[in-house]
Amino acid sequence: MQGQTQSISFDGREIRLTTGRFAPQAGGSVMVECGDTAVLVTATRSGGREGIDFLPLICDYEERLYAAGRIPGSFMRRESRPPERATLIARLIDRPMRPLFPSWMRDDLQIVATCLSLDERVPPDVLAVTGASLATLLARIPFHGPMAAVRVGLLGDDFVLNPSYREIERSELDLVVAGTPEGVIMVEAGANQLPEQDVIEAIDFGYEAVSELIKAQLNLIADLGIAQVIPEPHSDDTTLPNYLEKQCASGIAEVLKQFSQSKGERDEKLDAIKAKAAEAIEALKADDAVKVAVTANPKALATSYKSLTKKLMRQQILQEGVRVDGRKLDEVRPISAAAGVLPRRVHGSGLFQRGMTQVLSCATLGTPSDAQEMDDLNPSNEKTYLHHYNFPPYSTGETRPMRSPGRREIGHGALAERALVPVLPNKDGFPYVLRVVSECLSSNGSTSMGSVCGSTLALMDAGVPIKAPVSGAAMGLIKEGDEVRILTDIQGIEDFLGDMDFKVAGTEKGITALQMDMKITGLAIKTVAEAINQARPARLHILAKMLEAIDKPRDTLSPHAPRLLSFRIDPELIGTVIGPGGRTIKGITERTNTKIDIEDGGIVTIASHDGAAAEEAQRIIEGLTRRVSEGEVFSGAVTRVIPIGAFVEILPGKEGMIHISQLSESRVEKVEDVVNVGDQVTVRVREIDNRGRINLTLRGVPQQEEPATV
């Protein structure tokens with residue numbers, strides 16, 4: 001089927017949008033191409049579901065390894081569970097799309113983006129985000145769009161739009177900005193300790209490009225004769241909300257002003273007010289409009305009560321400038337921090353608590369072979385820093401089955417990982433693979449930033465020489481019309497009933513990670529900048545409290561962490577060290593009880609809990625790779641005797657042979673008449689044959705001669 005293709009010239013590149021050719025039964029579909037990267041994005045809507053009080057939106061990102069000309073490495077040789085990066089891209093699509101659907105929508109919606117071809121110069125993720133908006137418009141789904149996304153890099157002093165993978169590796173900034181005509185709606189960033197002003201300018205720069213992509217989408221659907229479906233205000237029956245406001249508003253407001261209570265106590269009191277209202281409604285006459293509304297929709301009471309609580313909490317902040325726990329808008333909750341809270345069998349541990357949010361982070365040091373191999377479309381196929389985040393049900397006082405990590409856990413772990421990567425030591429000087437696990441023990445807002453703080457403590461406790469400690473804070477927002485209030489260090493209820501969750505992590509020098517999600521349809525750059533700047537004093541306050549627990553990395557590693565020696569050999573001699581069928585390197589590891597990893601570039605890493613054993617393994621490998629010249633003199637032990645000669649270890653791991661004719665100036669009948677196994681002899685290299693074998697001689701070599709230095 002022949003489709004219609006439109007082209008957009010964008011930052012010197014051509015983006016091609018093909019509609020009407022692929023996936024004809026999907027509600028809306030578009031093939032987004034740039035260079036040789038092609039992403040098919042579809043949006044489909046099915047009938048609404050009764051009895052639910054949320055938007056059932058599913059956003060999926062699928063990778064096909066044929067897109068990069070590869071066959072999957074799994075046993076089944078087919079794609080199965082999405083790799084972590086695919087899950088993160090699915091979240092990247094979901095986060096800016098979800099707030100743009102009307103709050104009353106209960107239809108099942110699914111957006112699927114599939115990368116069908118990959119050009120290493122063009123990452124597919126931001127194309128998928130923009131394609132999700134266009135596919136939704138084509139499907140005629142009610143939507144407060146369009147929306148678009150771009151990536152911004154910083155090379156030298158210049159911002160770069162949609163940099164390639166290689167440019168991202170060299171960039172001081174990796175920023176994704178998504179926006180609507182009303183403003184910025186999502187930010188995701190990693191940065192190399194950049195000042196706040198540089199990050200703000202990058203967001204502004206990216207949003208200008210987003211605006212151009214939004215215009216292109218509007219022009220395209222106009223050319224196709226498709227009218228955008230603008231969501232109309234949903235007129236709910238106000239009978240129940242009005243009744244609850246009369247019956248419950250004063251009680252809820254009183255509870256919200258009891259600043260000294262805990263989260264559990266507040267929830268218990270709010271639940272009691274709701275239960276009392278439910279009893280009153282049950283006692284009403286059967287034909288009463290309020291009771292009819294609740295009977296028709298059993299969840300209506302919970303929904304209306306939540307809306308009333310949200311309204312009153314927001315009024316309290318906007319009108320009185322006081323939060324539900326009595327804090328000022330820019331005040332951070334009480335903080336405690338500790339390092340080394342677990343026995344030293346754990347390489348490093350840190351406990352961080354802010355209010356009722358508590359995170360325990362544990363660091364483990366591994367060898368290069370512990371690096372994670374990535375079987376996905378990203379050109380980088382190895383990870384040497386892993387950050388995993390766990391969120392058990394007891395952290396919120398709830399019960400539920402514990403399954404494998406969900407998208408939220410993967411996303412929070414990735415954010416904390418991104419925040420810490422810029423301060424990790426260089427691989428050449430510190431060749432360890434690092435894994436940090438953050439256990440969320442108690443949750444009341446911003447556990448991801450708690451993970452950043454706890455993990456900094458754990459890494460320093462493990463003796464990892466990080467360049468600078470990192471802290472993080474989550475900023476919130478209450479916006480009603482033109483009135484805006486930015487909240488520092490939001491807790492759970494402010495996240496749940498507020499308009500923004502803006503996480504900012506960094507060092508004293510600058511920002512290392514950002515993540516902003518909105519519940520409204522856009523935010524002005526000026527307000528984004530204000531939130532970033534307001535986060536800085538909070539971050540530094542938190543950092544000061546952390547440094548009271550541990551102010552620098554410990555001088556020594558945990559005694560249970562492996563000791564690593566790293567050095568370089570000639571890559572051409574890697575085969576010599578490995579030996580036929582791996583026998584040589586296996587023999588070295590067994591002899592020294594060490595673990596040895598050799599990279600393609602010739603970097604050898606030896607891991608052992610015994611420093612002397614690691615040094616012995618290094619001497620053996622250096623001996624194997626030492627180039628020997630004719631005429632050199634060595635001293636070594638006889639290792640083997642055969643009828644035609646004797647073998648001498650002239651260097652650790654490297655042997656040469658003395659032919660029986662070279663044992664003495666006179667004729668020798670039997671090798672054992674001159675040397676035996678274990679004898680120390682001084683030999684000269686007579687020749688190195690065309691097969692690389694070293695032939696030695698004793699003839700004319702005084703046995704008192706000093707050996708050559710190695």
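A helix, as I use the word here, is a DSSP run of at least four residues, numbered from the N terminus. By that reading, Arg539 belongs to helix H12, which covers residues 525-549. Bear in mind that this is a predicted model.

Let me stay with Arg539. Is Arg539 buried or exposed? Its relative accessible area is 0%, and buried means under 20%, so Arg539 counts as buried. The side chain has a polar atom 2.9 Å from the backbone oxygen of Thr507. Setting aside neighbours within four places in sequence, Arg539 also contacts several other residues, among them Glu196, Ser471, Val504 and Ile511.

Next, Met500. This residue sits in strand E20, residues 500-506. Met500 is buried too, with a relative accessible area of 2%. Which residues does Met500 touch, beyond those up to four places away in sequence? They include Met475, Leu477, Ile490, Met516, Met518 and Leu523, and also Asp517 and Ala531. As for Ile93, it is 407 residues from Met500 in sequence, yet the C-alpha to C-alpha distance is 17 Å.

Strand E2, residues 13-19, is mostly covered, with five of its seven residues buried. On one hand, E2 pairs with strand E1, residues 4-10, in the antiparallel sense over seven bridges. Within that pairing, Gln6 has Leu17 of E2 as its bridge partner. On the other hand, E2 is joined to strand E3, residues 28-34, by five bridges, again antiparallel. There, Ile15 stands opposite Cys34 of E3.

Key: Residues are numbered from 1 along each chain as its sequence is written. This is a predicted model: local features need pLDDT of at least 70, side-chain atom pairs count only at pLDDT 80 or more; totals for chains, interfaces and linings use all residues. Side-chain values use heavy atoms; hydrogens and water are left out. Helices (H or I, at least four residues) and strands (E, at least two) are DSSP runs, numbered from the N terminus. Buried means under 20% relative accessible area, exposed over 50%, partly exposed in between (1.4 Å probe, protein chains only). Contact means heavy atoms within 4.5 Å. A polar contact is a pair of N or O atoms within 3.5 Å; within protein, one must be able to donate a hydrogen and the other to accept it, and residues adjacent in sequence count only if both atoms are side-chain atoms. Two strands pair if DSSP finds at least two bridges between them.
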